[in-house]
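The exercises below ask you to work through a structure step by step. Try each task before you read its solution.

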Amino acid sequence: MTAPLEDILAHLEPLVEADSQNPPRHISADGALVAAVRRGLPGFVVNVRDLGDGCLIIEARRGETGTLFNVHLDTVPVAPGWSHDPHVLTRAEDRAFGLGVCDTKGAAGVLFALAQHTDEPMHLLLTTDEEAGKSRCIRTYLEDSTEARLAVVAEPTDCLARTEHRGIFSGVARFEGESAHASDTGRRSAVHDAARMIAAALDLPGAAESRLNFGRIEGGVKANMVAAEAEVQFGFRNRPGTEHRDLLRQISGLAGGARFEERFVGPALPHDRDGASGRAQAEAQALASRLGLPLGAPVDFWTEASLFAEAGIPAIVLGAGSIRQAHNADEFVTYGQLAKLYDLYAEVVTGDA
Ligand SMILES: CC(=O)N[C@@H](CCCN)C(=O)O
């Protein structure tokens, strides 16, 4: 099949122009994004469920199919250093620049073009809160809809079908010390406790393997005051088949009386090889082979595919471009990747799970 690149780009253009940065989550059911979806999918029944706070579940259907394509249409905020207008699709010789073209509006452009050039049944689940980090849209959707036989989740995977990835934990540790003059000895410093915990945690066996990362540290007032409080934001990524609680328990064991608060926990894909997610992903691999999709190695980033698998729905992560271009200035996707994704999605649509 020869991919209709001009049509893919024409569909992508209004999606890039619709500002869906998350935050600030100014995404509404009557805004430009939903209008672009409706215009891009003539002949589809489009339903929009507004969960508030910029979370929209946009479901577009044509006919009956067991295959669900999930594409998130929100983007991260504009990173510093762009040399193009992030909200204009800028075409260069072999690639197009624009916020979200790789993560993951490009995949939507591909699906809209596929809808235009075939009359196959299609079921699209377009969401707007993947970047908010709470996955409200997918979790809410899965509460009452688990009839899909396959979920294809668009994320930048270099056009390789991925059926495994790590889980993710992110959280905050809060330390308390005693306010005092720094000439006074024996006082408990929240900053010192936080620093000791960080140093010890980074020395744990498996810290690097689990991608343990302390991303932000804040606390204290000035050099001659003992710090009464400190806060450390951190995260890590557990391998498929392992439990995030194991490393978390070890870290909190190093933190004295610090209070830990969970910000986000996403299961690995699969989460547990003996459970529902393990069975779903064995099936996902079989389906990927049957559909002739090129299989890629497990990835280290987290995706909402793990939530589908946990609900027993086989999930394949498949999208254009590389994670290296995502969340970055001058985000781009190559025409080669868009064309390749078109052919792969066409295989999925015609070979219906
Ligand atoms: C694809 C991607 O950027 N995934 C994010 C998910 C964050 C969920 N809170 C990551 O792996 O950090």
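Angles between axes under 35 degrees count as roughly parallel, over 145 as roughly antiparallel, 65 to 115 as roughly perpendicular and the rest as oblique. The model is predicted, and local features need pLDDT of at least 70, side-chain atom pairs count only at pLDDT 80 or more, while totals for chains, interfaces and linings use all residues. Residues are numbered from 1 along each chain as its sequence is written, and side-chain values use heavy atoms, with hydrogens and water left out.

**Exercise 1.** Find how H1 and H2 are oriented to each other, and list the residues that meet.

Solution. Begin with the elements: helices (H or I, at least four residues) and strands (E, at least two) are DSSP runs, numbered from the N terminus. Axes are lines fitted to C-alpha atoms, for helices over the stretch in contact, and angles run from 0 to 180 degrees between N-to-C directions. The axes of helix H1 (residues 5-17) and helix H2 (residues 32-40) cross at roughly 165 degrees and come within 8 Å, and H1 and H2 are therefore roughly antiparallel to each other. Next, take contact to mean heavy atoms within 4.5 Å: His11, Pro14 and Leu15 of H1 meet Leu33, Ala36, Val37, Arg39 and Gly40 of H2. In the loop between H1 and H2 lies Pro24, which is joined to Pro23 by a cis peptide bond with omega of about 15 degrees.

**Exercise 2.** Work out the orientation of H3 and H9, and then sort the residues of their contact into nonpolar, polar and charged.

Solution. Helix H3 (residues 101-117) packs with helix H9 (residues 335-350) at an angle of about 55 degrees, and their axes are 9 Å apart; H3 and H9 are therefore oblique to each other. H3 contributes Gly106, Ala107, Val110, Leu111, Ala113, Leu114 and His117 to the contact, and H9 contributes Leu338, Leu341, Tyr342, Tyr345, Ala346 and Val349. For the sorting, Ala, Val, Leu, Ile, Met, Phe, Trp, Tyr, Cys and Pro count as nonpolar, Asp, Glu, Lys and Arg as charged, and the others, Gly among them, as polar.

**Exercise 3.** Which residues have the most contacts inside the largest nonpolar core?

Solution. A nonpolar core is a set of buried Ala, Val, Leu, Ile, Met, Phe, Trp, Tyr and Cys residues joined through side-chain atoms within 4.5 Å, where buried means under 20% relative accessible area, exposed over 50% and partly exposed in between (1.4 Å probe, protein chains only). The largest core has 58 residues, and Phe112, Leu124, Leu293 and Tyr345 have the most contacts inside it. Among the residues that Tyr345 touches, not counting those up to four places away in sequence, are Phe69, Val152 and Leu318.

**Exercise 4.** Are Ser135 and Asp158 buried or partly exposed?

Solution. Most residues other than glycine have a negative phi. Ser135, in the loop between E6 and H4, is not a glycine but has a positive phi of about 55 degrees, and at 1% relative accessibility Ser135 counts as buried. Asp158, in the loop between strand E7 (150-153) and strand E8 (168-176), also has a positive phi, near 60 degrees, but with a relative accessible area of 33% Asp158 is partly exposed.
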